[in-house]
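This report describes the fold shown below, taking its helices, its sheet and a few individual residues in turn.

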Amino acid sequence: IDLRDTRDFGLLEQVYHDLYLVCFTDPDEQEDLEQYCSRLFDPQMPIPQPETHFLVAGENLTDPESRAIGGFMIFELYRESSCGLLTYIAVSPIMRGRGLGRKLMRKAIEILKTRCTG
């Protein structure tokens with residue numbers, strides 16, 4: 001799921017607390033949840049500001065009661081130069097070794113290709 005498209009604050013909040021903060025423990029490397037809300041859910045910032053995408057992988061992601069977060073990836077599209085920047089990626093320890101990181105990367109590349117060619 002790309003949270004930019006689904007606009008699911010509950011899922012964003014769960015991923016942020018259950019995996020993002022757990023994997024990126026240095027406060028100097030962390031961004032605030034509110035910053036992600038703004039970048040994902042507020043009206044798009046004009047160029048040259050990047051377009052932020054927050055991919056989430058797992059099971060039953062649309063059901064807050066039964067969802068299981070497997071991993072996430074945050075990347076930015078710099079529309080003026082048509083390039084992407086991967087800023088964060090993490091896979092839950094119990095989901096590692098199953099190719100989930102590779103799947104997230106493929107999805108990010110697919111989105112970048114689509115958004116760069118219009």
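## Helix H2

At 1.5 Å a residue, the 15 residues of H2 should span 21 Å, and the 20 Å between its end C-alpha atoms agrees with this; the expected span of a helix is taken as 1.5 Å times one less than its number of residues. Helices (H or I, at least four residues) and strands (E, at least two) are DSSP runs, numbered from the N terminus. This is a predicted model, in which local features need pLDDT of at least 70 and side-chain atom pairs count only at pLDDT 80 or more, while totals for chains, interfaces and linings use all residues. Residues are numbered from 1 along each chain as its sequence is written, and side-chain values use heavy atoms, with hydrogens and water left out.

H2 has a kink of about 40° centred on Tyr16, the bend at a residue being the angle between axes fitted to the seven residues ending there and the seven starting there. Tyr16 is also one of the buried residues of H2, which are Leu11, Leu12, Val15, Tyr16, Leu19 and Tyr20; buried means under 20% relative accessible area, exposed over 50%, and partly exposed in between (1.4 Å probe, protein chains only). These buried residues pack against H1, H3, S1, S2 and S3, where contact means heavy atoms within 4.5 Å.

Arg7 lies in the loop between helix H1 (3-6) and helix H2 (9-23), and has a positive phi of about 55° although it is not a glycine. With a relative accessibility of 47%, Arg7 counts as partly exposed. At the start of H2, a side-chain oxygen of Asp8 comes to within 3.1 Å of the backbone nitrogen of Gly10.

## The sheet and its helices

Three strands form an open sheet in the order S1-S2-S3, with antiparallel pairing; two strands pair if DSSP finds at least two bridges between them. Because S1 and S3 stand at the edges, each with a single partner strand, one side of each is left without a neighbour in the sheet. The twist averages 15° from one strand to the next, with axes being lines fitted to C-alpha atoms, for helices over the stretch in contact, and angles running from 0 to 180 degrees between N-to-C directions.

S1 and S2 are joined by 9 bridges, and S2 and S3 by 8. In S2, 9 of the 11 residues are buried, so this strand is largely enclosed by the rest of the structure. Helix H3 (residues 33-41) lies across S1, S2 and S3 and runs at about 105° to S1. Helix H4 (residues 100-117) also packs on the sheet, where it touches S1, S2 and S3, and its direction makes about 30° with that of S2.

## Positions within the strands

Thr52 lies in strand S1 (residues 51-59) and, at 1% relative accessibility, counts as buried. Elsewhere, Val56 stands opposite Phe72 in S2.

Leu77 has Gly84 in S3 as its bridge partner. The hairpin of S2 and S3 has 4 residues between the strands, and Ser82 lies in this loop, between strand S2 (68-78) and strand S3 (83-91). Ser82 has a positive phi of about 55° although it is not a glycine, and at 40% relative accessibility it counts as partly exposed.

Note on methods: Polar contact = N/O pair within 3.5 Å; in protein donor to acceptor, adjacent residues only side chain to side chain.
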